Amino acid sequence: MTLLNKLVLLVAIGASFVLLHMKGQTEMLWIMAVLVGILSLFSIIWRVMEAKEMAMGPEIRDRTITWWWMVAVFMLALSTHRIVSFLFLGFLSFAALREYYSMLPMHEKAGDKVLSFKDRGAILASYLAIPTIILLAYIEWYNLFIILVPVYVFLLIPILFILQNRTQGCLKSMGVIALGFMFFVHNFGHCLFMINMGPIVLMYCIALTEARDLLSFWVGKGLARKAAAMPKGKLRSFLERKIAAEISPKKTWAAGLVSAVLIALLSLVFVPLMPDFPDGRMSYAYSALVGFMIGMLGLFGDLAFSMVKRDIGVKDSGSSLPGHGGIIDRIDSLVFTVPIVFHLIYWQYF
C-alpha cells in the first residue's frame with residue numbers, strides 16, 4: 001500500500017470516529033474500534049507471514065488490505081448523513097446486480113447459459129427498481145417497500161416479454177432475471193430498511209455474517225485435521241460428512257453447525273448495544289436464536305452462489321476486490337442473512 005493510500009485510509013477512518021463521537025453513537029464507536037483492532041492484528045500477521053515467506057502470506061495481505069478499504073468506506077457511509085448510507089448500500093446492490101448479469105454473456109439468441117439482447121428491457125427494469133427501493137426505505141414507506149420487487153417488478157417482467165411477442169427462451173430468461181433482482185435488489189435491499197431500525201442493527205447483521213465466513217474457514221480446517229487423526233468410526237464419519245460435495249467439497253455439516261453455535265454466542269455480545277425497539281429490547285435468548293440463524297443462513301448463502309458459479313463455470317464472480325474476488329463473493333451470505341434477520345427482529349419487536 002502506498003503512502004498516499006495509507007493517508008487516505010487514515011483520514012477516512014479518523015473522520016468516521018470523530019463524526020460518530022459528535023453524534024454520540026457510543027455503541028457504533030465500540031464496534032468500529034474492535035474492527036480496526038482486528039484489522040491491525042491481521043496487518044501484523046501478514047507482515048510476519050511475508051517475512052517468513054509463508055505460502056498464504058500474499059493472500060492474507062491482499063484480503064486484509066481490501067478489508068481495510070471496505071471497512072473505511074462502510075464506516076464513512078454510516079457516520080455521515082443518513083442519505084449517504086442509503087446511497088452507498090444502493091450502489092452495492094447495483095454493483096452486485098451488474099456483476100451477476102455480467103457473468104452471463106448476452107447474445108442475439110438466448111442459449112443455455114447466455115442472455116438474449118431482447119432481455120435488455122427486463123434487465124433495465126430490475127436496475128430501475130434500485131433507486132425506487134432506496135426512496136421507499138428513506139421515506140420509511142414499509143408497506144410498499146416490502147412488496148415492490150416480489151410483486152410489482154416480478155409481474156412486470158413477463159408483461160415486458162409478452163409485449164415483445166416472445167416465445168423462445170423466455171422461461172430461462174425470466175428465471176435468470178427474477179433470481180437476480182430477488183437476490184440483489186429485494187433480499188440485499190433489506191439493508192436499506194434495516195438502517196431505519198438503527199445503524200447498530202445493520203452493523204450487528206453484517207459483522208456476524210462476515211465473522212461466520214472467517215470462523216467457518218478455521219473451524220473447518222481444525223475439524224478436518226482432528227478427523228484425519230481419528231480412527232474410523234461414527235464420530236469421524238460425522239465430522240467428515242459433506243453438505244454438498246459437488247458444490248463445495250470442503251464444507252461439512254460439523255463445521256457449519258459449530259460455526260453457527262459460535263456465532264450464536266458472539267451474538268450475545270451485541271445485546272447491550274442494541275437500541276430500544278417499540279416492543280422492548282432484544283433478549284439474550286432471542287439474540288442467540290438470531291445469531292444461530294445467521295450462522296446457518298450464511299452457510300447456505302455461500303453455498304448457493306458457489307452452486308451458481310459452478311454452473312456458469314467461473315471461480316469468482318469478479319475481480320474488483322483483490323483477495324476476495326468480486327462484490328458477490330463478499331456479500332453472498334448477506335443476501336440470505338439480511339432479510340431473515342430483518343424480519344425476525346421486525347416480527348418480534350415492532
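A residue counts as buried under 20% relative accessible area, as exposed over 50%, and as partly exposed in between, with a 1.4 Å probe and protein chains only. The structure is a predicted model, in which local features need pLDDT of at least 70 and side-chain atom pairs count only at pLDDT 80 or more, while totals for chains, interfaces and linings use all residues. Residues are numbered from 1 along each chain as its sequence is written, and side-chain values use heavy atoms, with hydrogens and water left out.

**Exercise 1. State whether Lys309 and Asp329 are buried or exposed, and describe how they interact.**

Step 1. Lys309 has a relative accessibility of 10% and is therefore classed as buried. Asp329, at 11%, is therefore buried as well.

Step 2. A salt bridge is a side-chain nitrogen of Lys or Arg within 4 Å of a carboxyl oxygen of Asp or Glu. Lys309 and Asp329 form such a bridge, and their closest N and O atoms are 2.4 Å apart.

Step 3. This pair links distant parts of the chain, since Lys309 belongs to helix H12 and Asp329 to helix H13, 20 residues apart. Helices (H or I, at least four residues) and strands (E, at least two) are DSSP runs, numbered from the N terminus.

**Exercise 2. Determine how many salt bridges the structure holds, and examine the pairs Arg330 with Asp213 and Arg281 with Asp276.**

Step 1. The total is 10 salt bridges.

Step 2. In one of them, the side chains of Arg330 and Asp213 meet at 2.9 Å, N to O. Arg330 lies in helix H13 (residues 327-349) and Asp213 in helix H9, so that distant parts of the chain, 117 residues apart, are linked.

Step 3. Both partners are buried: Arg330 has a relative accessible area of 11%, and Asp213 has 17%.

Step 4. Arg281 and Asp276 also form a salt bridge, with 2.9 Å between the closest N and O atoms. Here Arg281 is partly exposed at 39%, whereas Asp276 is exposed at 60%.

**Exercise 3. Describe the surroundings of Gly298 and Thr337.**

Step 1. Gly298 is located in helix H12 (residues 284-312), and Thr337 in helix H13.

Step 2. Gly298 has a relative accessible area of 0% and is therefore buried. Thr337 is likewise buried, with a value of 0%.

Step 3. Contact means heavy atoms within 4.5 Å. With residues up to four places away in sequence not counted, Gly298 touches Arg212, Met293, Ser333 and Thr337. Under the exclusion of neighbours within four places, Thr337 is in contact with Cys205, Thr209, Ile294, Leu297 and Gly298.

Step 4. Gly298 and Ile206 are 92 residues apart along the chain, and 10 Å separates their C-alpha atoms.

**Exercise 4. Characterise helix H11 and identify what covers its buried residues.**

Step 1. H11 spans residues 253-267 and has 15 residues.

Step 2. The expected span of a helix is 1.5 Å times one less than its number of residues. From first C-alpha to last, H11 reaches 21 Å, close to the expected 21 Å.

Step 3. The buried residues of H11 are Ala254, Ala255, Gly256, Ser259, Ala260, Ile263, Ala264 and Ser267. Their cover includes helix H9 (199-228), helix H10 (234-239) and H12.

Step 4. In general, an α-helix has 3.6 residues a turn, so residues three or four places apart point the same way.

**Exercise 5. Describe the domains of the chain and the interface between domain 1 and domain 2.**

Step 1. Domain bounds come from an automatic or database domain assignment. The assignment gives domain 1 (1-80), domain 2 (82-197) and domain 3 (198-349).

Step 2. The centres of domain 1 and domain 2, taken over C-alpha atoms, are separated by 32 Å. Each side contributes to the contact: 5 residues from domain 1 and 5 residues from domain 2.

Step 3. Buried area is the accessible area (1.4 Å probe) that two parts lose on being put together, summed over both. For domain 1 and domain 2 this is about 420 Å², with 73% of it on carbon and sulfur atoms.

Step 4. On the domain 1 side, Phe74, Ala77 and Thr80 lose the most area to domain 2, together 70% of what that side buries.

Step 5. Between domain 1 and domain 2 the count is 0 salt bridges.
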